[in-house]
Amino acid sequence: MAALLNLPHRRRFVLLCLLWAALWKVGAGQMRYSVPEEIEKGSFVGSVAKDLGLEPLALAERGARIVSRGRTQLFALNPRNGSLVTAGRIDREELCAQSARCLVSFNILLEDKLSIYSVEVEIKDINDNAPRFGVEEVELKISETTMPGFRIPLKSAHDADVGENTLQKYEINSNDHFSLDVRSGMDGNKYPELVLGRALDREEEAVHYLVLKALDGGDPIRSGTSRIRVTVLDVNDNAPVFTQPEYRVSVPEDTPVGTRILTVTATDADEGYNAQVTYFLEKNPEETSEVFELKSSSGEITIIKSLDYEDAKFHEIDIEAQDGPGLLTRMKVIVTVLDVNDNVPEFYMTSATSSVPEDSPPGTIIALFNVHDRDSGQNAFITCSLPENLPFKLERSVDSYHRLVTTRVLDREQFSSYNITVTAKDGGSPSLSTDAYILLQVTDINDNPPTFPHTSYSAYIPENNPRGASIFSVMACDPDSNDNAHVTYSLAEDTLQSAPLSSYISINSDTGVLYALRSFDYEQFCELQLWVTAQDGGNPPLSTNVSVNIFVLDQNDNTPEILYPALPTDGSTGVELAPRSAEPGYLVTKVVAVDRDSGQNAWLSYRLLKASEPGLFAVGLHTGEVRTARALLDRDALKQSLVVAVQDHGQPPLSATVTLTVAVADSIPDILTDLGSLKPSVDPGDSSLTLYLVVAVAAVSCVFLAFVIVLLALRLRHWHTSRLFQASGSGLAGVPASQFVGVDGVRAFLQTYSHEVSLTADSRGSHVIFPQPNYADTLISQESCEKKDFVSEPQFLPEDKEETFSQQAPPNTDWRFSQAQRPGTSGSQNGDETGTWPNNQFDTEMLQAMILASASEAADGSSTLGGGAGTMGLSARYGPQFTLQHVPDYRQNVYIPGSNATLTNAAGKRDGKAPAGGNGNKKKSGKKEKK
């Protein structure tokens with residue numbers, strides 16, 4: 001410090017400023033002052049403006065004011081100089097009683113920024129109270145037998161001041177018998193005792209008058225006196241004695257009035273009257289005597305006034321026990337008042353706002369309040385809380401102050417107002433709580449653009465639409481309010497085919513309905529993409545765009561356009577060339593056409609509308625390929641004219657035709673020179689050829705009809721024979737089986753053919769198959785002879801197969817299925833196994849010859865066919881060596897219509913023999929098929 005004084009004045013000033021700033025940072029937020037009690041109103045306490053680093057007038061401009069918790073304002077702020085002054089008389093003893101330090105705390109609030117500063121003022125004690133005794137005169141009675149050195153406790157004085165100003169010592173006037181001794185108690189108080197220095201003699205002096213003087217240490221010194229009258233008695237030389245030097249008891253503050261809290265007991269060693277003890281409550285300036293009552297005879301202490309921990313935490317009761325002659329003993333009872341949770345927390349709302357914009361940043365202060373609980377300890381520990389899921393929080397400030405601040409940006413569209421409940425709960429058991437309600441309105445700002453329900457939209461409109469037709473409607477919603485939620489619609493600027501988009505589409509700005517301003521053509525454009533803008537009425541306005549795709553739906557308004565063959569530009573006729581050696585299916589040319597429509601409207605099908613030679617050419621239904629349907633003959637004309645129609649699949653369908661000219665020649669160079677003179681041939685032989693074909697077809701039909709009649713006759717004969725066999729009983733049991741082989745074998749051979757009818761969309765692909773097994777080497781039973789004639793049965797198309805199958809009985813266990821035994825396309829085609837279906841011309845002719853020969857011999861009534869059993873009566877063309885064992889067993893290849901199953905030789909299996917088409921005849925059958 002000496003070095004600081006030696007520095008120049010300016011540097012010393014700078015260092016002092018730095019030191020002051022450092023001290024200010026250390027004590028920031030709290031100011032401490034001291035002032036003596038009993039000073040005049042308006043006396044200076046401290047410079048608040050200076051300590052806050054403000055100008056004197058700035059303190060008033062910032063709205064500084066003192067905030068205290070409901071007590072009388074002891075201080076005030078001087079707005080002119082920014083200083084703290086007294087607001088009235090300050091009595092330290094009234095504020096703090098006997099406390100060593102008397103501190104008065106309050107807060108200074110700056111309204112502009114809601115800043116709180118804590119102020120602590122220490123009230124200095126002055127010597128304004130003199131020591132006082134409870135009574136002005138005390139009468140003492142002492143036996144004359146009392147020995148010197150006997151001590152008599154005297155009533156102590158009370159000084160309301162503290163420190164040096166409180167009671168310091170006692171004095172007694174000078175006398176010959178008594179002296180004064182001061183004893184310090186455990187609580188630090190001084191207690192005077194009168195000490196007998198010389199034996200008393202009642203005859204010399206029966207009464208002694210003494211003056212006890214109490215002095216404090218103030219300046220000037222103040223004192224108080226009490227007169228003592230000492231009466232000398234005879235004999236009674238024992239004073240009452242308490243059982244405890246000091247009594248302590250703890251009482252809850254909610255103990256009801258009239259409750260006995262303690263009983264004090266004192267005993268006297270004397271007897272009789274000298275031993276009768278009476279208890280007295282020592283009077284003092286405090287209110288203790290008004291709270292408790294002492295029964296003089298029993299020493300019971302009862303409560304006569306409700307206790308309050310908040311008013312007094314403990315009570316000191318001075319009790320005297322006096323015997324009959326007057327000797328007394330003093331004892332102190334300390335009653336500690338226990339706090340109970342009987343006070344709810346109290347809110348003091350310092351500042352609060354009623355509305356806040358929704359874009360307020362997190363940390364915005366909504367309210368500032370103070371919470372106080374008059375209880376103590378855990379009962380005064382206050383916890384403030386908010387309901388969950390609120391965008392607010394509480395921040396603790398100084399001296400039980402709390403701030404309600406926002407934790408995130410508010411959204412009015414979610415919650416337009418908040419009814420905030422702040423709960424203050426103490427730590428007592430049970431705890432008490434208090435709620436404070438803050439109603440906060442959230443004001444709207446334009447923070448939400450209009451939103452569409454979907455990110456994009458698709459609309460469909462058929463082409464050739466009328467002008468002004470409504471196409472689609474879009475709608476956007478804005479969660480804001482008032483003008484911020486008013487939405488208008490517009491179209492984004494764009495062009496379509498070098499024309500502005502607004503010339504095609506318009507939108508209603510209020511409803512968002514899109515209208516077509518012209519008729520659309522799918523062939524010009526099939527899709528139109530535009531952007532719709534929705535803008536609200538806020539300031540500044542917010543907008544959102546959404547994509548709208550308008551699809552033009554095609555209608556069948558375009559006929560097919562034939563690209564090939566195209567009409568020559570020189571006026572000549574286009575000719576397609578086909579060699580005369582072309583096989584069936586030869587590609588002559590291809591008609592190529594397109595349709596400007598789309599989808600089903602553009603699906604094209606081709607058909608031959610007209611031809612100069614029907615049946616010679618065919619046109620692919622979907623490909624447009626013109627192919628030869630048969631081989632070209634010499635009689636076919638060199639020039640063929642075809643009219644091909646191309647039709648789409650619209651509703652209604654549209655079509656176009658094209659005429660093709662096909663030149664037929666063996667050599668292409670030979671025909672090129674005669675293309676100009678080609679004419680359709682008019683050959684009289686063509687009609688005769690057609691006549692021949694018709695006659696041939698009729699002849700074949702007649703042969704087939706005759707064959708069917710023969711079969712029917714055989715059936716009737718068989719039926720008649722069966723009736724004769726039944727009438728004769730068992731007369732035929734001894735006839736050899738070989739006698740029936742001829743007729744029955746052929747009949748079985750003929751009867752067991754099944755029918756398969758296969759139809760396609762093209763009648764040229766239809767065919768009928770009669771596959772049946774051959775029972776030539778097997779005697780047919782009566783039941784098999786009665787089976788239905790498949791020739792006379794109706795045949796079903798493939799569509800009726802399900803219905804037919806549902807009526808059939810399931811096959812017996814004699815059926816066997818083998819891929820090699822299936823005829824035609826359903827079976828094996830390798831020809832390695834015997835019994836396969838005839839698949840060449842030789843086998844077919846051989847089968848027909850057997851059928852005809854067997855039928856003729858059966859008509860003659862012969863029991864054998866051709867001069868021997870097993871020969872089936874075949875003509876000499878095949879020779880007698882051609883027996884039934886050389887005929888393939890077709891029983892293994894019976895084809896079930898609508899099924900993949902084939903019949904096997906069940907009889908052979910039952911006899912333990914392999915079927916006729918088994919491995920035993922495989923080699924021979926293979927050789928015959930090769931032939």
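In what sense do β13 and strand β14 pair, and over how many bridges? The two strands, β14 covering residues 190–196, run antiparallel to each other and are joined over seven bridges. The model is predicted: local features require pLDDT of at least 70, side-chain atom pairs count only at pLDDT 80 or more, and totals for chains, interfaces and linings use all residues. Residues are numbered from 1 along each chain as its sequence is written, and side-chain values use heavy atoms, with hydrogens and water left out. Strands are DSSP runs (E, at least two residues) numbered from the N terminus, and two of them pair if DSSP finds at least two bridges between them.

**Three-stranded sheet**

- The strands β10, β14 and β13 make up an open sheet in the order β10-β14-β13, with antiparallel pairing.
- Its edges are β10 (151–153) and β13 (178–184), each of which pairs on one side only.
- On average, neighbouring strands of this sheet are turned by 30° against each other, direction ignored; the axes are lines fitted to C-alpha atoms, and angles run from 0 to 180 degrees between N-to-C directions.
- Within the sheet, Phe178 stands opposite Leu196 in β14.

**Four-stranded sheet**

- A further open sheet has four strands in the order β9-β16-β15-β12, and its pairing is mixed.
- One side of β9 (137–143) and one side of β12 (167–172) are left without a neighbour in the sheet, because each of these edge strands has a single partner strand.
- Strand β15 (residues 207–216) and strand β16 (residues 223–233) run antiparallel and are joined by nine bridges; a hairpin of six residues connects β15 to β16.
- Two residues placed opposite β16 are Tyr209, which faces Arg229, and His208, which faces Val230.
- β9 pairs with β16 in the parallel sense over seven bridges.
- Arg229 in β16 is also the bridge partner of Glu139.

**Salt bridges**

- The whole structure contains 23 salt bridges, a salt bridge being a side-chain nitrogen of Lys or Arg within 4 Å of a carboxyl oxygen of Asp or Glu.
- Glu320 and Lys155 meet through their side chains in a salt bridge (2.2 Å, N to O).
- Glu320 belongs to strand β24 (residues 314–322) and Lys155 to the loop between β10 and β11 (157–158), so this pair ties together parts that are 165 residues apart in sequence.
- Both Glu320 and Lys155 are buried; buried means under 20% relative accessible area, exposed over 50%, and partly exposed in between (1.4 Å probe, protein chains only).
- The side chains of Glu316 and Lys332 form a salt bridge (3.2 Å, N to O).
- With Glu316 in strand β24 and Lys332 in strand β25 (residues 328–338), the pair ties together parts that are 16 residues apart in sequence.
- Glu316 is partly exposed, at a relative accessible area of 27%, whereas Lys332 counts as buried because its relative accessibility is 11%.
- In the salt bridge between Lys124 and Glu122, the closest N and O atoms are 3.4 Å apart.
- Lys124 is partly exposed at 36% relative accessibility, while Glu122 is buried at 18%.
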